[in-house]
Amino acid sequence: MKLTIKILFATLLTPAFVFAQQSAGKGQSTEKKQLKPISNDLFGVFFEDLSYSADGGLYAELIQNRSFEYSPGDNKKWQPLSFWEYTTAGFGYGTISVESAQPITSTNPHYLVLNIDDPGKEGIGITNAGFDGICLHAGENYNFSVYIKQISSAPIPVKVELRGAKGVSYGQFSFKTQGSGWKKYDGTIKATQDADSAKLTLLALVKCKIAIDEVSLFPEHTFKNEKNGMRADLAQAVADLKPKFMRFPGGCLVHGDGLDNIYRWKNTIGPVEFRQQQRNIWNYHQSFGLGFFEYFRFCEDIGAKPVPVVAAAVSCQNSGGTRGTGQKGLPMTEMKSYIQDILDLIEYANGPITSKWGAKRAAAGHPKPFHLQYIGIGNEDKQTDDFRNRFKMICNEVRAKHPEITIIGTVGPFPSGEDFDLGWAFADKLSVPVVDEHFYQKPAWFLDNNARYDGYRRTKSKVYIGEYASWGNSLFNALAEAAFMTGLERNGDIVAMASYAPMLANLSHTSWNPNLIYFNNKIVVPTANYYVQQLFSVNQGDLYVPGVIRFKQDDAVKDSTLAASCVKDSKTGNIILKIVNAGAKEANAAIDLTGINIPEQQATLNLLKGKPSDKNTINDPKAVQTISQEITTTNLSSYLAPPYSLSVIRLKTN
């Protein structure tokens, strides 16, 4: 079939239909084609605090256990002094203890007390190596702060120093305490040289008794230079994806390991020393320095719509390691209060500064609303009466009070099965606007399911693919996902949103694989999967154009390794072609550009290719990456897609 593109593009901005002429033996038959709109929010990102992706990752705080709140509940090996050393290098002596009688706040109950009998030659204090060492860059400033309560009567001289091996100094500053009661002291240290395993030492220099809490060190340069902000290079890697939305804070983290571990957003806002910390379901600690205010602000900084997720008033069905039988529901007597917390979240994001929770947002430094549009209720929850009854209560109340908010429901952790079927039936019954599907599968599944959404009913809930990945970070894994994503574009009228998961993982503390971006304290390693996500997100269109790309018959017969899509970006007028060849042979893609008014002879080709086993690692972080080049449009009538490749071709049109 030869598609008359000139006619098609002439109608893109007005009717939803286009007529193309097709030769059919002796006569002409007319095929009616419908241009499909594509969701403006199709490709985004999903953030969950696992694999140290918040503390020790995106959140730029360099001190670990800064408020002495670690406990065996977080990790059986931990206690309030974990990751701290008692420092007595100059032959001084005294005692160290963790106390809770007179804290800064009851939500942050533990603090450290030094009782120094003799400071020795250098003073007595504490040392912290951060998250596997503190990484410093010569010439850059690092902002230190600490809360101190002077228990002794006289002012206490204190020295703060960044140190390396054998006590080498990378920078320091000093101050004196003033008066009794908890007071915050701060200062700036300029690093004198690069280091990847520095430590921070705080020393009291005289005989005294002193209480210490909230010991903090931040790079002055955070992402967008925000206070209490994000690690600049890691945040930039996320921003470079150009995501249309960001889902947060999870994931399994949201509904927690038991009812007491459900994520409560109100505990994560306000001054960091007032935030009520808790155990992370992934067996470490959440300081909540990265809280809901910071999530909202980060979404705004990267131009992504915020998609917060709240628990559906039930805990994870796998709570306590029960493998499916541990789900518990909040008592019905607590549901009114819990639902009010969700309504308050919407007010916190969108309410005027004259409202109670809008005023709290303004007090945090953001008087303008965050323009919340979506809210997720639940995550992969087992379909039980406990879940359904509570979800319905939340859903009905949010709809009644905030009809402008789009609710995202959940249909379990798998692409099929009992919870999936029951979840969809429940979503149909309640007319839930969007439901969240998840699937972690082998590459072959993604290649074989390119047409998964072709047959979905257009009248029921739209789909958000909140979590998906193909169990690996090789180029072949990424190309299998790319082939699947062409099907998402083709069905962008029913698939409203999609996000790869998980997004971030600290290489020294990885609890889940694969991930989109790996990192340590020094470098960021985007995967091959990352570059696929970036190519689709940066080159998203708002209209799907059918019939432009066809693989030659010999290549295309029963070959799921070949996939393609053509979209239009109405804002720029650009036509964007995506051609996936996940096979071992070169593939011939016929591209019919007849009638398209192309003012330039040049087009931009972004190409991702290599060996199927190629992957980016800490030792070879650029083994797979996108190559950009200019090509002539005259060569596009028959495009040869290299083996194991994704080609994205952007054409400028009138």
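Contact here means heavy atoms within 4.5 Å of each other, and a buried residue is one with under 20% relative accessible area, against over 50% for exposed and in between for partly exposed (1.4 Å probe, protein chains only). The structure is a predicted model, in which local features need pLDDT of at least 70 and side-chain atom pairs count only at pLDDT 80 or more, while totals for chains, interfaces and linings use all residues. Residues are numbered from 1 along each chain as its sequence is written, and side-chain values use heavy atoms, with hydrogens and water left out.

Helices (H or I, at least four residues) and strands (E, at least two) are DSSP runs, numbered from the N terminus. Helix 5 covers residues 335–350, 16 residues in total, and spans 23 Å from its first C-alpha to its last, close to the 22 Å expected at 1.5 Å a residue; the expected span is 1.5 Å times one less than the number of residues. Among the buried residues of helix 5 are Met-335, Tyr-338, Ile-339, Ile-342, Leu-343 and Ile-346. The buried residues of this helix pack against helix 4 (292–302), strand 19 (305–310), helix 6 (356–363), strand 20 (374–377) and helix 7 (385–401).

Of these partners, helix 7 can be followed in more detail. Helix 5 and helix 7 pack at an angle of about 40°, with their axes 10 Å apart; axes are lines fitted to C-alpha atoms, for helices over the stretch in contact, and angles run from 0 to 180 degrees between N-to-C directions. Helix 5 contributes Met-335, Tyr-338, Ile-339, Ile-342, Leu-343 and Ile-346 to the contact, and helix 7 contributes Arg-390, Met-393, Ile-394, Glu-397, Val-398 and Lys-401.

Some backbone details are also worth a look. The peptide bond from Phe-248 to Pro-249 is cis, with omega near -5°, and Pro-249 is found in the loop between strand 16 (245–248) and helix 3 (252–255). The bond from Gly-250 to Gly-251 is cis too, with omega near 10°, and Gly-251 is in the loop between strand 16 and helix 3.

Asn-65, in the loop between strand 4 (43–46) and strand 5 (84–87), has a positive phi near 60° and is buried, with a relative accessible area of 5%. Phe-68 lies in the loop between strand 4 and strand 5; its phi is positive, about 60°, although it is not a glycine, and Phe-68 is buried at a relative accessible area of 0%.
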